Amino acid sequence: MTETRHARDTRESYDAIATDYEEYVQGDLEARPLERAMLAAFAESVRGTGHGRVADIGCGTGRVSAHLSGLGLDVLGVDLSPGMLERARSAYPDLPFHEGSMTDLSLGDGALGGVVSWYSLIHIEPEHVPGVLAEFHRVLAPGGRLLLAFQVGDEPLRLTEAFGRAVALDFHRWRPDRLAGLLVGAGFAVEARLVREAYPNERTPQAFLLARRPAPA
């Protein structure tokens with residue numbers, strides 16, 4: 001597929017800040033029990049399906065991939081940014097990381113038992129989100145789980161500077177009910193949702209949706 005300007009800006013921005021970003025998020029999961037609880041519930045659900053492999057889509061520097069691996073999952077990390085993947089491969093050399101886009105995954109139909117999009121769907125323009133959710137549905141086996149993490153809100157955030165570097169990054173916030181409706185429209189059954197209040201260093205509340213691709217009746 002031809003890369004859009006939006007995708008190019010996102011990739012180049014994360015390439016520019018990869019090292020700083022890795023340092024910024026280091027250890028964040030250890031300080032966030034609710035996030036760990038959602039990841040643990042996801043991992044247990046996936047293990048119960050018997051479909052082992054999970055893709056961490058928009059894996060960044062790989063910390064969530066590594067956490068899921070520690071929970072007993074066979075994890076593949078996928079990201080748009082070569083710079084972020086370089087950091088992920090350096091930090092977690094035993095895990096596979098591939099360059100790719102969530103809009104067109106190089107994975108077969110029903111190939112996965114689980115998909116995680118941990119603050120990565122937020123970089124997709126809202127009109128393209130239904131297509132991305134359909135792609136997630138395609139690569140999941142029946143019974144497979146999807147976990148989304150995102151910021152709550154209505155207005156997007158545009159960053160032109162981060163860590164002292166010029167960037168062009170859009171963060172699209174979502175109301176949980178609206179995104180849950182899109183999940184249902186893509187063929188998912190929503191199993192759980194969690195909204196927590198913003199921490200002092202955050203602009204908005206944070207939300208997590210766990211969904212399932214239903215098995216045929």
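Reader: Which residue in E9 stands opposite Ala149?

Author: That's Phe208. A quick note first: this is a predicted model, where local features need pLDDT of at least 70, side-chain atom pairs count only at pLDDT 80 or more, and totals for chains, interfaces and linings use all residues. Residues are numbered from 1 along each chain as its sequence is written, and side-chain values use heavy atoms, with hydrogens and water left out.

Reader: What makes E5 and E9 a pair?

Author: Two strands (E, DSSP runs of at least two residues, numbered from the N terminus) pair if DSSP finds at least two bridges between them. E5 and strand E9 (residues 206-212) have seven bridges, in the antiparallel sense, so they pair under that rule.

Reader: Why are E3 and E8 said to stand at the edges?

Author: The open sheet has seven strands in the order E3-E2-E1-E4-E5-E9-E8. Strand E3 (97-99) and strand E8 (189-196) each have a single partner strand, so one side of each has no neighbour in the sheet.

Reader: How do you know that Trp118 is in contact with Phe208?

Author: Contact means heavy atoms within 4.5 Å. Leaving aside neighbours within four places in sequence, Trp118 has contacts including Phe208, Ala149 and Leu147.

Reader: What makes a group of residues a nonpolar core?

Author: Its members are buried (under 20% relative accessible area with a 1.4 Å probe, protein chains only; exposed is over 50%, partly exposed in between) Ala, Val, Leu, Ile, Met, Phe, Trp, Tyr and Cys residues, joined through side-chain atoms within 4.5 Å. The largest one here has 61 residues, and Trp118 is among those with the most contacts inside it. Strand E5 (residues 140-151) gives the most to this core, with six residues.

Definitions and conventions: Helices (H or I, at least four residues) and strands (E, at least two) are DSSP runs, numbered from the N terminus.
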